[in-house]
Amino acid sequence: MKEKIKSPYERVMLARDKDRLKINDYIEFLFDDFIELKGDGISGEDSAILGGIALFHDIPVTVIGHKKGSTTEENIACNFGMASPEGYRKAARLMKQAEKFGRPIITIVDTPGAYPGLMAEANGQANAIAENLALMSGLKVPIISVITGEGSSGGALGIAVADKVFMLENAVYSILSPEGFASILWKDSKRADEAAKLMKLTAGELLDYGIIDGIVKEGAKLIINMDEMIYKELTELRKQKADSLVKNRYKKFREIDKEKRAVKA
């Protein structure tokens with residue numbers, strides 16, 4: 001019996017499932033000898049971003065990702081995965097360190113968006129994200145990003161400018177939530193289901209548009225599939241010279257959807 005095809009909004013709800021694997025789980029199952037590194041080196045620590053160094057198949061790597069909880073208490077502690085400027089600056093600090101020591105970077109993306117609070121804005125939220133986009137565009141080490149749950153707005157992109165971007169099959173990646181989209185377009189957040197269909201936010205749709213590079217099959221073999229995918233891509237990326245990595249990464253993002261736009265024109 002064939003599995004029922006899930007609607008875009010059903011995948012949104014799966015991406016938000018509280019029982020979905022979190023970054024702590026991926027670190028435990030995929031990496032060895034993880035050492036967490038805290039603080040942005042300027043003003044403070046942000047628990048919504050978890051980062052550190054680890055071994056992946058005996059390769060030293062830097063791991064960075066959004067942190068969510070499974071309970072209300074855990075989510076409050078990490079602000080439901082919504083990072084503040086301190087979190088993005090911490091990520092930047094770890095990425096610069098990774099480049100200095102020649103470590104590849106692997107990011108795990110799962111966020112409803114960057115924190116929109118007053119203090120976050122006052123402390124330079126937009127600037128912190130923008131600086132990360134510029135920084136990641138020029139880093140001379142391999143970068144692989146995996147969107148494992150929600151990948152919303154600049155909050156996701158702030159750690160997802162990578163040589164290879166992958167999504168789990170029930171993850172979503174979009175400019176904002178379907179509820180936010182519906183509220184802006186129709187002044188009615190209850191039309192989120194309809195909005196999700198228009199937004200083209202599922203892994204299959206984004207692969208067709210060339211925005212992501214592949215889809216990781218979920219289920220019982222999720223960790224095996226993810227491990228094999230990261231190892232395969234990392235092996236190939238490590239063969240490239242630093243200048244080629246930067247050039248190809250820039251070209252990748254500049255030419256997203258270029259063929260489809262050319263056909264429409």
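Colleague: What covers the buried residues of α1?

Modeller: The cover includes β4, β5, β7, α8 (178-186) and α9 (192-199), where helices (H or I, at least four residues) and strands (E, at least two) are DSSP runs numbered from the N terminus. This is a predicted model, in which local features need pLDDT of at least 70, side-chain atom pairs count only at pLDDT 80 or more, and totals for chains, interfaces and linings use all residues. Residues are numbered from 1 along each chain as its sequence is written, and side-chain values use heavy atoms, with hydrogens and water left out.

Colleague: Which residues of α1 are buried, and how are they placed around the axis?

Modeller: In α1 (residues 8-15), Pro8, Tyr9, Arg11, Val12 and Ala15 are called buried, a word that means under 20% relative accessible area with a 1.4 Å probe and protein chains only. Because they cover an arc of only 155 degrees around the axis, they are on the same side of α1; the arc is that of the directions from the helix axis to the C-beta atoms.

Colleague: What does α9 bury, and against which elements do those residues pack?

Modeller: Ala192, Ala195, Ala196 and Met199 are buried in α9, and their arc of only 105 degrees puts them on the same side of that helix. They pack against α1, β7 and α8, contact being heavy atoms within 4.5 Å.

Colleague: Why is a set of residues called a nonpolar core, and which members of the largest one touch the most others?

Modeller: The name goes to buried Ala, Val, Leu, Ile, Met, Phe, Trp, Tyr and Cys residues joined through side-chain atoms within 4.5 Å. The largest such core has 58 residues, of which Phe31, Met226 and Ile230 touch the most other members. Apart from it lies another core of ten residues, including Ala15, Val172, Met199 and Leu201.

Methods:
Buried means under 20% relative accessible area, exposed over 50%, partly exposed in between (1.4 Å probe, protein chains only).
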